[in-house]
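Student: Could we go through this structure together, setting each value against the definition behind it?

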Amino acid sequence: MFRKIVIMLIKGYQRGISSRRPYRVCRYEPTCSQYMLEAVQRFGLKGVLMGSARILRCHPWAHGGFDPVPDHFTIRRTHHRQG
């Protein structure tokens, strides 16, 4: 039940707020909301922690880049090479 509610809130944000912005805000790929969505689908409550840590890493001085949801629970950035 918790997972469904959180997923509905994230999708509502993506449709109602994020999609209406005239420019891209997130410095990461996938976006922070998509990261949170995937993390919650995989890890439930732990996914909320992972997504929250990701949002805290997304600031004007962040390097950004490709940072997918890892296969195991962690709140640290996963370093992957794109290419």
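**The largest pocket and the chain around it**

Tutor: The residues lining the largest pocket divide into ten nonpolar, five polar and three charged. This is a predicted model, in which local features need pLDDT of at least 70 and side-chain atom pairs count only at pLDDT 80 or more, while totals for chains, interfaces and linings use all residues. Residues are numbered from 1 along each chain as its sequence is written, and side-chain values use heavy atoms, with hydrogens and water left out.

Student: What makes a residue of the lining nonpolar, polar or charged?

Tutor: Ala, Val, Leu, Ile, Met, Phe, Trp, Tyr, Cys and Pro count as nonpolar, Asp, Glu, Lys and Arg as charged, and the others, Gly among them, as polar. The lining has 18 residues, and Y13, R21, V25, C26 and C32 lie nearest the centre of the pocket.

Student: Why is this called a pocket and not a cavity?

Tutor: On a 1 Å grid over the protein atoms alone, a cavity is a set of points where a 1.4 Å probe fits but cannot get out, whereas a pocket is an open set with protein on both sides within 12 Å along at least five of seven lines; lining residues have an atom within 4 Å of a point.

Student: Why is the chain called as compact as a globular protein of its length?

Tutor: The chain follows the pattern α-β-α-α-β along the sequence. Its radius of gyration, taken over C-alpha atoms, is 13 Å, close to the 12 Å that the globule rule (2.2 Å times the number of residues to the power 0.38) gives for 83 residues, so the chain is as compact as a globular protein of that length.

Student: How much of the chain counts as buried?

Tutor: Of the 83 residues, 36% count as buried, meaning under 20% relative accessible area with a 1.4 Å probe and protein chains only.

How values were computed
Helix = DSSP H or I, 4+ residues; strand = E, 2+ residues; numbered from the N terminus. Buried < 20%, exposed > 50% of the residue type's maximum accessible area, 1.4 Å probe, protein only.
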